Amino acid sequence: MAPGSEIDPQEAKEKILGYCLRKGALAAGVADIDVIERIAPEGHRPSDLWPRARSIIALGVGGQTQGAWSIPARAMSYFGSTETRAYTIAYGCAFFIENTYGRRAIYCPPDMDPEAGPRTPFQSLKLHAEIAGIGARSLAGDILLHPEFGYMYFASVFTELELPPDRPMEDNPCPTPSCVDLFRRSGQTPCMKFCPVQCLSGDIDEDGRQSEMRYDMAACAEMTQQYETLPDLFEAAIGSGDEGEREDLLFGPDNKMLWYKMSVGSGGLLAQCFECMRVCPIATQAPMADPIRRRNARAADSR
Ligand code: SF4
Ligand code: SF4
């Protein structure tokens with residue numbers, strides 16, 4: 001686009017979202033930045049990070065392959081996450097916007113805010129994606145789910161371009177009728193029942209909709225966010241007066257595995273344990289939840 005020429009916001013939005021989809025996103029949308037400003041807590045609003053932001057582009061990439069869901073948790077925790085693909089597309093999208101429209105854009109950091117500790121991100125990518133209409137909060141700790149694509153990983157881009165926003169999804173696919181049925185019989189949905197640390201609970205109303213979601217974040221994090229295990233191991237080793245115990249702590253299999261995961265950069269240190277999603281009918285059985293289902297959908301469309 002030539003410098004100085006007028007930008008059509010709708011056309012720009014279609015091109016930018018089209019870029020994300022071409023690069024591998026399954027879904028992309030524009031979040032209403034005024035809504036995010038109202039909902040996000042102080043210090044974590046878009047304006048706190050970048051006051052120039054006028055639009056937020058949210059995109060989602062697919063979760064793991066169909067085959068991956070059937071391997072044991074101890075293996076899946078190494079490679080189950082596909083989030084870095086989402087970040088790559090978001091990086092590219094920020095460059096695409098500046099290169100095409102001559103307007104500033106930034107890849108929104110998915111990282112933790114160093115001033116707020118290891119559990120508080122700069123921005124909630126989940127909130128961006130939810131308000132952009134590419135996912136709805138589930139009973140599994142608010143993990144966003146999509147009726148067609150199931151379980152995705154999200155990334156965001158901020159730009160000073162003003163783009164027409166999308167709306168959040170009108171219907172939440174969670175819980176499914178089979179989840180409601182199990183809940184009526186046992187008091188738990190599949191994700192609640194199979195969480196190894198029982199950190200999920202909640203309630204479903206008479207119409208089969210979520211009425212309450214409870215999530216014990218600390219219990220889930222202890223199970224899944226192993227980066228906090230490293231300082232614990234060091235603290236125990238430093239504090240131990242017994243040489244043998246210290247050696248066991250520093251050279252034991254737990255510590256070695258953590259360093260291995262970090263050195264291969266698998267993202268496994270930050271991964272969830274996946275058991276809530278392994279049993280979720282939306283995550284594993286949505287019509288386009290994995291590459292085989294998407295391939296079959298493409299084949300059916302071309303008939
Ligand atoms: S990631 Fe694991 S520990 Fe956390 S809610 Fe899901 S099943 Fe439970
Ligand atoms: S198993 Fe999936 S669809 Fe069912 S209640 Fe849990 S998150 Fe929702």
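Student: Which residues are closest to ligand 2?
Tutor: This is a predicted model, in which local features need pLDDT of at least 70 and side-chain atom pairs count only at pLDDT 80 or more, while totals for chains, interfaces and linings use all residues. Residues are numbered from 1 along each chain as its sequence is written, and ligands are numbered from 1 in the order in which they are written. Ligand 2 is surrounded by 13 residues, each with its C-beta atom, placed from the backbone, within 6 Å of it. The closest are Cys174, Cys179, Thr189, Cys191 and Cys280.

Student: Which elements give two or more residues to the shell around ligand 2?
Tutor: Helices here are DSSP runs of H or I with at least four residues, and strands are E runs of at least two, numbered from the N terminus. By that numbering, the elements asked for are helix 8 (190-194) and helix 14 (281-285).

Student: Which residue in strand 8 stands opposite Leu200?
Tutor: Strand 7 (residues 200-204) and strand 8 (residues 210-215) pair in the antiparallel sense over 5 bridges, where pairing requires at least two bridges found by DSSP. They form a hairpin with 5 residues between them, and Gly208 in the turn has a positive phi of about 80°. Opposite Leu200 stands Tyr215.

Student: At what angle do the axes of helix 10 and helix 11 cross?
Tutor: The axes, lines fitted to C-alpha atoms over the stretch in contact, are compared by their N-to-C directions on a scale from 0 to 180 degrees. Those of helix 10 (residues 229-239) and helix 11 (residues 243-251) come within 8 Å and cross at roughly 165°.
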